[in-house]
Amino acid sequence: GARGKGGADGTFVGLTVQADANPRSWARLKGGMIRSPSRGIPRFPARGHHSTHFGGGGGGGSGRASWVLLRNVHLVSREWLLNLEKTLHQLDSNSSAASSTSTGNQFRLFLTAEFGAAQLALPSALLRSSRVVVTDAPTGLKASLKAVLRGQSVPLQRLTSGPAERKRLYLLLAWVHAVFAERLRYAPLAGFTKAHEFGHTDAECGLAVIDHWCALAAGSRAHLDPNTELPFKAIKTLLAESVYGGRVDRSLDLRVVKSFVDALLSPDAFKAGFRPVPEAPPFPEAGGAPGLLQWVDSLPDSNPPTWVGLAPAQEARLSAQTAHSVLAKAATLEAASQADESAGGQQGGAKGGGAKGGGVGSAAGAKALLAEKARGWVGRLEALEGLLATAATQVAAKAKADGVSGGGSDALARCLGREVAKADNLIQMVLGDMRLVASFCGGAPSHTQLTNKLAQVMAGLLPSGAPPKSWRQAFSSGPDACLASTELWLADLEKRAAHALGHAPALLEPPTSNPGPAGKHHAFWLGGVFSPRGVGAA
């Protein structure tokens, strides 16, 4: 291959970082030939095989320039990629002398990799010398349906041949695939418990399953009876357990996959006016391929979550989580930047007699704001600190006197005693971090050092800041918003600690033979305890 040093064809390596990118389609559009090795190369090919693998016109190239596609290069070793880069430079220099040949500027090498892994695995020099194409999965059912039914996987002759019922099966499979792809957007909040690697290859395998079983059932016939002759059981089993289910490693998600496949691929889907969901328009009547594609084009570009079996509020929850994540990361960067400015200003003032003192006014104002907010929370939680410390001490003393661990002779009392101790420890931990922030940002001389944990707490106190990791791991918070906002997390902790403190009077009373702590009916906020499973079991 050749690379021009300054022209429009200056880059001859194309990099795509999404598995569904389809360089084969690009090659067909250009009328070229593309080669994709069917198996990995354990080591870089020898010099004599460059023309075979990279279409240099000799060997296996048959005198024609070709395109080469290497998939999932993030899985190979970095040494292999470095050797690839050197070989490409060598091919570039060798082709400079032969740039007048007809194949000189037609060779292309495509590398595909996953986005996150590609950033770590691919050498920076290879990225700089490449045309980087970042593609993402389409959003919305309409885009996914068009990608399956209008792509290279389903050419027009495939829609017009075979039994007529196969077109409806194609549409059902495309709808199932689109639903799974759309539900992945909401994972792990909803849809699936994790982001499974569903892709366009799964749709192609599903279409092949339909072709195979329809051909076996129909033979040379043009129609099949959906109630008696279509092999639904075989198709649904392969789709739910092999094609899509083979990528799922969690039982709950596998149940979701099977339920959608079972619900949609049924004889009812061939009845007039069938709707995959009540809100969606009815499927088109039996007819030619143009009517099917026109129905897909008539769908709205975006759809509510109810079309994929989710609650209407899931889109708002997803947007809120994305916004909180962006704001939390921005707040962390802002806190780190302010800390750097403050450190630089202090060093400059010591060296230059305060010459840089005016450059840190904004940082000083931000630190004063953090100190004020930290002192406010310290004031709110100090009352609970004293009460919880006293209650925890008394409950522990009574447990020791009774000869049991946790505050009482029955399982529930012991569990609630641990709740009081947990609340006391958490309040002390949070107050200790808040006092460090107030000391560091208060302006008075302090020996407090800026540690990573202190920086996280400071970032969390900024507007829209998230609580630090050490706080989030202390217990499972309730609403998702509490994990994205320090203010909400602290308010939630305050309520939980007060709830735990309410158990202490019953735990300190003399034991009786009646059920429950102190023999009285006791109300529990089960979602507000620190160990809901333990309390429920007790």
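In the predicted model, helix α6 passes helix α12 in a left-handed crossing, a crossing being left-handed if the near helix is turned anticlockwise from the far one by less than a right angle, and right-handed if clockwise. Helices (H or I, at least four residues) and strands (E, at least two) are DSSP runs, numbered from the N terminus. The axes of α6 and α12 come within 9 Å and cross at roughly 155°, where axes are lines fitted to C-alpha atoms, for helices over the stretch in contact, and angles run from 0 to 180 degrees between N-to-C directions. This angle makes α6 roughly antiparallel to α12, since angles under 35 degrees count as roughly parallel, over 145 as roughly antiparallel, 65 to 115 as roughly perpendicular and the rest as oblique. On the α6 side the contact (heavy atoms within 4.5 Å) is made by K142, L145, K146 and L149, which meet L293, V296 and D297 in α12.

The model is predicted, so that local features need pLDDT of at least 70 and side-chain atom pairs count only at pLDDT 80 or more, whereas totals for chains, interfaces and linings use all residues. Residues are numbered from 1 along each chain as its sequence is written, and side-chain values use heavy atoms, with hydrogens and water left out.

Helix α6 also packs against α8, their axes coming within 9 Å and crossing at roughly 130°; the two helices are therefore oblique to each other, and their crossing is right-handed. Here L141, S144, L145, V148 and L149 of α6 meet a set of α8 residues that includes Y170, L171, A174, W175, H177 and A178.

Buried means under 20% relative accessible area, exposed over 50%, and partly exposed in between (1.4 Å probe, protein chains only). With residues up to four places away in sequence not counted, Y244 touches L173, H177, F180, F198, D202, A203, L239 and V257. In soluble globular proteins, nonpolar side chains tend to be buried together.

The loop between α8 and α9 holds both P188 and H196. The peptide bond from A187 to P188 is cis, with omega near 0°. H196 is buried, with a relative accessible area of 5%, and, with residues up to four places away in sequence excluded, it touches L184, R247, V248, D249 and D253.

Another helix pair is formed by α15 (residues 411–441) and α19 (residues 486–501), which pack at an angle of about 145° with their axes 9 Å apart, in a left-handed crossing. In this pair E419, V420, A423, L426, I427, V430 and M434 of α15 meet W489, L490, L493, A497 and A500 of α19.

Helix α15 also contains L412, which is buried at a relative accessible area of 15% and whose C-alpha atom is separated by 8.5 Å from that of A537, 125 residues apart along the chain. A538, in the segment after α21 (532–537), is partly exposed, with a relative accessible area of 40%. Not counting residues up to four places away in sequence, A538 touches A411, L412 and C415, and the C-alpha atoms of A538 and L416, 122 residues apart along the chain, are separated by 9.3 Å.

Of the cysteines, C415 counts as buried at 4% relative accessibility, whereas C205 is partly exposed, with a relative accessible area of 38%. With a disulfide taken as a pair of cysteine sulfur atoms within 2.5 Å, the count comes to 0 disulfides.

Over the whole chain there are 21 helices and 5 strands, and of its 538 residues 42% count as buried. Among contacts between residues at least 6 apart in sequence, 71% join residues at least 24 apart.
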